[in-house]
Structures are given as structure tokens and as C-alpha cells.
Amino acid sequence: MEPAAQKIGLVLTGGGARAAYQVGVLKAIAEFLPRHSHSPFAVICGTSAGSLNAVTLAVNALNFRKGVKYLLNIWNNSRVDDIYRADVLGVLNNSVRWFAGLISSGFGSSRFNSVSLLDNSPLVTFLEETLQCELIQEAIDAKALHALSVTASGYSSGKSVTFFQGASDIPSWRRTRRVGMPTKIEIKHLLASSSIPFLFPAVHINREYFGDGSMRQIAPISSALHLGADRVLVVGVVSHQDGKPELQRLKTESYPSLAQIAGHALDSIFLDSMEVDLERLQRINHTVKFIPEGLRAEVNLRHVEVLIISPSQPLEVIAERYIGQLPWTIRILLRAVGVLRGSGANLVSYLLFERQYCRALIDLGYQDALVHKLEITEFLLTHSDTPSDSSAQ
């Protein structure tokens with residue numbers, strides 16, 4: 001009897017407009033595979049903006065290239081107006097209510113607590129009109145998809161909650177500050193997962209409000225393993241380079257702007273947990289090599305093969321070239337918090353949902369994937385004779 005094929009997991013991390021980079025990588029992968037192939041990923045996990053890409057792939061799991069083509073159409077023609085309101089009335093109204101909320105909260109009032117700096121109602125309308133979430137279950141029933149997950153952060157519980165829809169035999173899980181909950185994935189889960197704190201409104205699901213899934217996601221790869229993945233492809237949105245050398249460790253006298261602080265905070269949310277989880281996984285993989293095969297099950301450890309594709313260039317540097325593409329209302333709003341000064345432009349890389357910037361990221365992702373074509377194809381097409389190893393996270 002031939003061994004069962006390994007389940008390959010795909011992890012798409014968060015990062016606002018930076019998620020366009022993932023589409024470039026997916027475009028290349030689609031070209032590596034036969035034209036009418038099912039999705040090569042039995043398990044798909046999305047967080048923050050990566051959840052939109054993840055759900056779109058799951059909806060089109062029976063035809064991977066079709067799903068990627070749909071994503072290309074979305075991101076190649078993206079406009080800020082498709083994601084959040086950029087008209088004068090919308091920006092002014094939300095900004096006034098946001099600042100009023102900051103003041104009123106100091107006096108114990110909750111009158112304005114439900115607002116955010118940006119109004120993402122255009123995204124809500126777009127997703128409800130175009131994304132057919134009911135097709136997820138059809139893909140699962142057809143065995144083209146084993147599981148899909150979308151992760152969000154609970155503001156009341158402080159837990160990272162992974163909502164998942166998949167095969168009936170997948171159990172829920174509970175770990176320190178993170179849980180896996182079976183459910184029917186809907187638009188509200190995507191909105192909650194991509195609700196960047198302060199910028200986009202929180203979403204109420206079941207018993208609490210949820211925000212961006214990257215905030216409390218201390219183990220981004222673990223969801224894929226819980227859902228049955230034997231090996232995992234991670235497509236990140238943050239370069240592992242150190243950025244611009246000329247900005248490193250320079251003496252500065254000016255106090256950091258709000259935008260610089262916000263950009264740094266977002267980098268911490270979207271980057272740090274993934275790097276820590278990967279480092280932890282590498283240590284476990286190294287340890288597993290010294291454990292006899294027969295004892296690994298007893299200690300609940302196994303080796304996990306992970307392939308990481310991340311930007312070869314800092315995306316904030318690319319964003320600086322396209323700041324002028326933002327609507328003038330948004331530029332004025334961001335200028336007020338120091339976004340257009342120096343490293344404050346880092347924040348823009350998360351909010352610049354304009355086609356020129358998104359196309360540049362798609363092209364970068366595509367070129368990066370071509371550089372790693374041999375590694376990717378071997379990773380997707382090679383099936384070992386025994387189940388893959390990993391830590392039960």
C-alpha cells in the first residue's frame with residue numbers, strides 16, 4: 001500500500017496592503033503547476049489581510065489557477081476607495097469621531113468607542129458582493145481542501161482565536177492564550193482578522209469584539225499543524241533584511257512622530273511573532289533529530305519541514321515611491337501624524353491600497369518566487385514515504 005500523500009499547509013500572514021506581495025508568489029506557483037490543478041495546499045491559514053487571500057484560494061480550491069487569477073484581478077486594480085472611505089466627508093467625520101473617542105474615553109464615556117480612524121465600509125460591501133464563502137464547504141466535501149482557518153484577536157479574552165472550517169474529524173484545541181474553534185467561515189471573520197487596531201473598527205463575533213489576528217498570534221505556524229498539515233509554506237510580507245543601512249543607528253534629536261511609533265508597532269505585530277515561531281520550530285527540528293524514532297510520539301514531537309518566501313526588498317522603501325498615489329484627503333490626514341516624514345512612511349506600506357504600489361509588490365513576489373522555483377516545486381511535489389515530522393504546537 002502506498003503511503004498517504006502529505007498535507008501541505010499554506011500560511012499567509014498579515015500586513016494590510018503588503019498582502020499584495022503574496023499574490024505575486026501565488027501567481028508564480030500557479031505557473032509551476034498544471035493548468036487545471038486543484039489547490040496544492042490542503043490546509044490554508046490566513047491572518048489579517050492574508051485572510052482575504054486565504055479565503056479566496058479556499059473558495060477556488062478546485063481550480064488553483066482560477067483563484068490566483070481572481071486575486072490578481074483584485075490587487076492589480078486595487079484602489080484605496082475599495083478598502084476605506086477617502087472622500088472628504090468620510091475622512092472628516094471619522095477623524096473627528098476618532099479624536100472625540102480618545103478624549104471621551106478619558107472621562108469614562110463610551111459614546112464614541114465604536115469608531116476607528118478609517119471607515120472600511122467599502123471593503124465590507126466589496127467582500128459581501130464578491131466572495132462566495134458557501135463554496136468553502138463544497139471544496140472540503142470534494143476533498144480539494146482539508147481545512148481553512150482565519151485568526152483574529154479577542155479584545156475581551158486576550159486570546160488568539162483561530163476560526164476554522166474543515167473535515168469533520170479535526171478537533172478543536174486550546175493552548176495558552178490561543179484556541180481553535182470550528183465554525184462556518186463568513187465575511188465577518190475576514191473583517192475581524194484584518195481589523196488593524198485604531199485604524200479599522202473591531203468586529204463582534206459570538207461573545208466579544210475581535211481585532212487584527214496578528215496582535216496575539218504568538219505561534220502563527222501552529223494553526224496549520226493543528227489542522228493536519230505535514231509541511232508548511234509560509235509567505236511573509238516583511239523583508240528579513242534590516243532595511244535601509246543609512247537609517248540604522250543614526251543619532252537623532254527629534255522625538256519620533258506618531259506615525260513612526262505606529263509603524264514600529266505594526267512591524268512588531270506583523271513580524272516579531274513569526275520570527276520567534278520560526279526560531280522555535282528550528283530548535284525543535286534540531287532537537288528531534290537526536291530523539292529515537294520510537295520515542296518521538298511519546299514526547300509529542302515531530303520534525304516539520306517549513307519553506308519561507310519573504311520579500312527580497314524592504315516594502316516600506318517601495319511604498320515611499322508611491323505615497324503620492326494616495327488620495328489627497330488621506331495624505332493630509334497622515335501628514336498630520338507625521339507619516340510623510342522619514343521612517344513614518346513605514347505606516348503607509350500597510351495602508352497604500354493603490355494599484356501602482358500593489359502591482360509593484362505583486363511583481364516583487366513573482367520574481368522572488370521565480371528565484372526559488374526549484375525549492376518551491378520540490379517542496380510541493382516531493383512526498384516522503386513516511387509522515388512528516390513537527391512539534392505539536
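## Salt bridge E305–R231

E305 pairs with R231 in a salt bridge (a Lys or Arg side-chain nitrogen within 4 Å of an Asp or Glu carboxyl oxygen), with the closest N and O atoms 2.6 Å apart. E305 sits in strand β10 (residues 305-309) and R231 in strand β9 (residues 231-235), so the bridge ties together parts 74 residues apart in sequence. Helices (H or I, at least four residues) and strands (E, at least two) are DSSP runs, numbered from the N terminus. E305 is partly exposed, at 34% relative accessible area. R231 is buried, at 4%. Buried means under 20% relative accessible area, exposed over 50%, and partly exposed in between (1.4 Å probe, protein chains only).

This is a predicted model: local features need pLDDT of at least 70, side-chain atom pairs count only at pLDDT 80 or more, and totals for chains, interfaces and linings use all residues. Residues are numbered from 1 along each chain as its sequence is written, and side-chain values use heavy atoms, leaving out hydrogens and water.

## Other salt bridges

The whole structure holds 4 salt bridges. One of them joins R18 and E316 (3.2 Å, N to O). R18 lies in the loop between β1 (8-12) and α1 (20-32), E316 in helix α12 (residues 315-320), 298 residues apart. R18 is buried at 0% relative accessibility; E316 is partly exposed at 21%.

R85 and D119 also meet in a salt bridge (4.0 Å, N to O). The loop between α4 (80-83) and α5 carries R85, and the loop between α5 and α6 carries D119, 34 residues apart.

## Helix α2

Helix α2 (residues 50-59) is mostly covered: 10 of its 10 residues are buried. Among them are G50, N53 and V59.
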